[in-house]
Amino acid sequence: MHQIGCVYTVASIKNPAILLDTMSSRMRVTKGHSGNRRSHHALTAPRLSQCSNCNEYHLRHNVCKECGFYKGKQIIAKKTKAETAEVVEA
Ligand SMILES: [Zn+2]
């Protein structure tokens, strides 16, 4: 008559309030449960390296945003201050 793995008792079937209490308590997420889940949420700092051309820090495997160099080569032609001023005036 008794089913294996059933958590409901005769008292819980007769009194649904006990049944609801059992269900909600089993769904409850404890502090430890939240902590275990959040143990993988930590952020890591970006990997930075110094530019070989201007010594400015840039993301690894990325072009330097200051001078446009990557692996000692000019990849992006950066405008000088004088050229930028001409564009503003025009
Ligand atoms: Zn640079």
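In which strand does His 58 lie? Select His 58 to begin, and you will find yourself in strand β2, where helices (H or I, at least four residues) and strands (E, at least two) are DSSP runs numbered from the N terminus.

Before going further, keep in mind that this is a predicted model, in which local features need pLDDT of at least 70, side-chain atom pairs count only at pLDDT 80 or more, and totals for chains, interfaces and linings use all residues. Residues are numbered from 1 along each chain as its sequence is written.

**The whole chain**

Of the 90 residues in the protein chain, buried ones make up 1%; a residue is buried if 20 or more other C-beta atoms, placed from the backbone, lie within 10 Å of its own, exposed if 12 or fewer, and partly exposed in between. Contacts are counted when the C-beta atoms of two residues, placed from the backbone, lie within 7 Å, and among those in the protein chain between residues at least 6 apart in sequence, 0% join residues at least 24 apart.

**Back to His 58**

Return to His 58, which counts as partly exposed because it has 19 C-beta neighbours inside 10 Å. Leaving aside residues up to four places away in sequence, His 58 touches Leu 48, Ser 49, Cys 51, Cys 64 and Lys 65. If you then select Pro 46, twelve residues from His 58 in sequence, the C-alpha to C-alpha separation of the pair is 9.6 Å.

**The loop between β2 and β3**

Lys 65, one of the residues touched by His 58, is the next selection, and it is found in the loop between β2 and β3. With 13 other C-beta atoms within 10 Å, Lys 65 is partly exposed.

Now select His 61, which is found in the loop between β2 (57–59) and β3 (69–70). His 61 counts as exposed because it has 9 C-beta neighbours inside 10 Å, and its phi is near 60°, a positive value in a residue other than glycine. Most residues other than glycine have a negative phi.

**The loop between β3 and β4**

Finish at Lys 71, in the loop between β3 and β4 (73–74), where phi is again positive, at about 50°, although Lys 71 is not a glycine. Is Lys 71 buried or exposed? Lys 71 is exposed, because 8 other C-beta atoms lie within 10 Å.
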